Amino acid sequence: MRGSVPTVLHSYLDKIRSFSPNAKLFLLSSALASVQSGIFQVVLALYIVALGHARDFLGVITGFGALVTGIVSLPAAAVAHATGHRRALLAGAILSSLGALGITVSSSRDVLLFFEACLGAGTAFTFVNTAPFLAENSGDAERAYLFSVNSTMLLAVAVVGNSLGGALPEVFGRLAPGWNPSGMGPLRATMLVGVAFVAASAAPLVALKESSFHRVREAASRLPDVSCSDTKAHLIVMGRFVTTSVVTSLGAGLMIPFLPVFLADKGASPPVIGLVFAGSMVMTMAGTLLAPLLAERWGSVTTVAVTQIASVPFLVAMALARDTAVIVPAMLLRSALMNMSGPVDSSFSMEAVSARDRAILSSLRGMAWNISWAGGSVAGGVMIERFGYAVPFLITATLYLASAIMYVLFFSKLDLRQSRMAGHHPRPRSQGR
C-alpha cells in the first residue's frame with residue numbers, strides 16, 4: 001500500500017471522523033444489538049437444553065429463525081420503501097427485543113418458535129435496511145470505510161457478547177446461593193442482560209434525524225443512474241447480485257455449520273476450538289479494515305474476487321489434510337480472506353442500483369442467502385454422513401471459485417464505468433465513485 005502506516009492510519013481516522021451523525025447513531029445501535037446476539041449465541045443452546053427439550057430442537061428453532069428472516073426480507077423492504085429506513089429499523093429493534101424477551105421467559109416449544117419468529121423478523125428488518133441506510137447517510141469518499149467499520153465493530157462487539165454469555169452464568173450462580181451456573185436461573189438472568197442490550201439499541205434509532213432521510217432520498221432521486229439505463233438493465237444487475245449470493249451461500253451452508261464438529265473429529269479439544277474461532281474472528285476484523293484500502297487501489301470487483309479466490313486453496317487444504325497443524329492455519333486464513341471483502345461487496349452493491357431500489361436489492365440478497373444457506377446445511381449434513389467432510393468442502397471450494405468468477409464477469413464493466421463517471425482513471429479505482 002502507498003504511504004506509511006501512520007499516514008494510512010491517520011487517513012482512516014479522518015474518514016471515521018467524517019461519518020455523519022446519523023451514521024454514528026446507527027453504529028451505536030448496532031453495537032448494542034450485537035452484544036445481545038453474542039450473549040444468545042453462547043447461552044441459547046444451554047437454555048433450550050435446560051428447559052428439557054431434546055437437542056434436535058436446537059436445529060429446529062435456529063433453522064426456523066433463518067427461514068423467517070428470509071421470508072420477511074421482502075415485506076421489510078416494502079415497509080422501508082413506504083415509511084423510510086428510520087421507522088423500519090425501529091420496527092426491527094422492537095421485534096428483536098420482543099422476540100429475545102419472549103424466548104427468555106418461555107418454555108414450551110410452540111411459544112419458543114413464535115418468539116424465535118419475532119426475533120427472525122426483527123433480524124430481517126435490520127439486515128434489509130442496514131446497507132441502504134449506510135449508503136444514504138454517507139458520501140462517496142467514506143462509504144466503503146463506513147461499511148467496513150460497521151462490519152468490524154459487529155465482530156468485535158460479538159466477542160464481548162460471547163464473553164459475557166460465558167461469564168455471567170457463573171457470576172449469577174455465585175450471587176444466588178443454590179443456583180447451578182448451568183441451570184435455568186443463571187441462564188435466564190444472563191439472557192435478560194442480552195434483552196436489555198437489544199432494547200437499548202432502539203434509543204439511538206429514535207434519535208436519528210428524519211429530515212436527513214428526506215434530503216438524502218430527494219437528492220439521490222435527482223442523480224443520474226450510473227449503472228443502468230432502463231428498468232430491464234436494472235433488474236439484470238439486481239439479479240446478478242442475487243445469483244452470486246445464492247452460489248456463495250449454498251457453499252457456505254455446506255460447510256460453515258459443521259466446522260466445530262469437523263475440528264472435534266480431527267482431535268481438537270473444546271478450548272482449542274474456541275481459540276480457533278476467536279482467532280478467526282480477529283483475523284477477519286483485521287482483513288475487513290484492510291479491505292477498503294484494497295478497494296481504493298484495485299477497485300471493488302477485483303478486491304472481492306481476488307480475496308475470495310485466494311481463500312479457495314486453504315479450503316482445499318482443510319478438506320484434504322489430516323493434521324490439525326495444517327488444518328487450523330488453513331482455517332484461519334480461509335475465513336479471513338473469504339470474509340474480509342464483505343463490506344466492500346455491500347457498499348458496491350448499494351452504489352450499483354438507484355436509491356429507490358437499495359432496500360429491495362438488500363432484501364432479495366438477504367432472502368436468497370438465508371434460503372440457500374438452509375438448503376446447503378441440509379445437503380451438507382447428508383453428505384458428511386455418507387462421504388465424510390472432504391466432498392462437501394471441495395464442493396464449497398468449487399462454488400466459491402465459481403461465485404468469484406461470476407462476480408468479475410457480471411460487474412467488472414460496471415466497476416470501471418462508475419470510476420469513469422466519478423471523474424477518475426478506472427485503475428486504480430478512486431475513493432470517489
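Visitor: What does the accessible surface of the chain come to?

Guide: About 18,900 Å², and 69% of that belongs to carbon and sulfur atoms. Accessible areas are from the Shrake-Rupley method with a 1.4 Å probe, and for residues only the protein chains shown count as cover. Mind that this is a predicted model: local features need pLDDT of at least 70, side-chain atom pairs count only at pLDDT 80 or more, while totals for chains, interfaces and linings use all residues. Residues are numbered from 1 along each chain as its sequence is written, and side-chain values use heavy atoms, with hydrogens and water left out.

Visitor: Which residues make the nonpolar surface patch?

Guide: Phe 64, Leu 67, Ile 71 and Ile 371 make a patch of about 350 Å². Patch residues have over 30% relative accessible area and no salt bridge; nonpolar side chains (Val, Leu, Ile, Met, Phe, Trp, Tyr) are joined within 5 Å, like charges within 9 Å.

Visitor: And which helix gives the most to it?

Guide: Helix H3, residues 56–83, with three residues. Helices here are DSSP runs (H or I, at least four residues; strands are E, at least two), numbered from the N terminus.

Visitor: Ile 71, buried or exposed?

Guide: Ile 71 counts as exposed, because its relative accessibility is 53%. The cut-offs are under 20% for buried, over 50% for exposed and partly exposed in between, with a 1.4 Å probe and protein chains only.

Visitor: OK, inside now. Which residues touch the most other members of the largest nonpolar core?

Guide: Tyr 47, Ile 103 and Phe 241, in a core of 60 residues. Helix H2 (residues 21–50) gives the most to this core, eleven residues. A core is a set of buried Ala, Val, Leu, Ile, Met, Phe, Trp, Tyr and Cys residues joined through side-chain atoms within 4.5 Å.

Visitor: New topic: how many salt bridges does a search of the whole structure find?

Guide: One. The side chains of Asp 345 and Arg 365 meet at 3.0 Å, N to O. The rule is a side-chain nitrogen of Lys or Arg within 4 Å of a carboxyl oxygen of Asp or Glu.

Visitor: What does the pair tie together?

Guide: Asp 345 lies in helix H15 (residues 342–352) and Arg 365 in helix H16, so the bridge ties together parts 20 residues apart in sequence. Asp 345 is buried, with a relative accessible area of 12%, and Arg 365 also counts as buried, at 12%.
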